[in-house]
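Hi,

Here is the structure I said I'd pass along.

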Amino acid sequence: TGSQSTLSTTTAVGNGCSGGNMIDVITNSNDITIGSFDIVPNLAGSQVVEVYYKNGTYVGSETTPAAWTLLGTYTINGTAGTLINLAVDPLTLTAGTVTGIYVNYDAQYTNGDNVYSDANISIETGVGLCGDFSGVNLSRSFNGAVNYYLCGSNIIPVDAVVEPIPNLSYI
């Protein structure tokens, strides 16, 4: 992997609930690997965070757990800027695709739908939840950041020479 890039959303907060956020991550012309999320918990202290993903948009699957794949479960000691490190379970996204992401935790979020973009990805925000796949609140923006790497951005071509295996005689 190459160097990490970060795409931040708002941290204006002002609203929150115990079911987290669903967002769409759209990749441009490169495959990327999401290595971590920065989040803004609603409450300080220890809590469990679940990260889910699905191929395609989250829209229409907000209350359908069977549509989602659990990427991992993480325990945090929540304060603003808490890092959810996906080192054990990084999520690789193919270029030109939309992937729904659900970060389920007691979250702060901001009212409104917003799109945040850089040269590699866009984050389309949209819903906050007040329970596991329930209590959907429309027009809520994820507060935090997606930290990612361009796949193959650190690949260096090398020439390799394969030598024949020598004949060995044993005495």
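Which hand does the disulfide of Cys17 and Cys130 have? The torsion about the S-S bond is about 115°, so this disulfide is right-handed.

Before the rest, a word on the basis: this is a predicted model, where local features need pLDDT of at least 70, side-chain atom pairs count only at pLDDT 80 or more, and totals for chains, interfaces and linings use all residues. Residues are numbered from 1 along each chain as its sequence is written, and side-chain values use heavy atoms, with hydrogens and water left out.

Back to the cysteines. A search of the whole structure turns up one disulfide (a pair of cysteine sulfur atoms within 2.5 Å). In the Cys17 to Cys130 bond, the sulfurs sit 1.8 Å from each other. Cys17 belongs to strand S2 (residues 15–17) and Cys130 to strand S12 (residues 121–131), so the bond ties together parts 113 residues apart in sequence. Strands here are DSSP runs of E, at least two residues, numbered from the N terminus.

Cys17 counts as buried at 16% relative accessibility, while Cys130, at 31%, is partly exposed. Buried means under 20% relative accessible area, exposed over 50%, and partly exposed in between (1.4 Å probe, protein chains only).

Cheers

Technical notes. Helix = DSSP H or I, 4+ residues; strand = E, 2+ residues; numbered from the N terminus.
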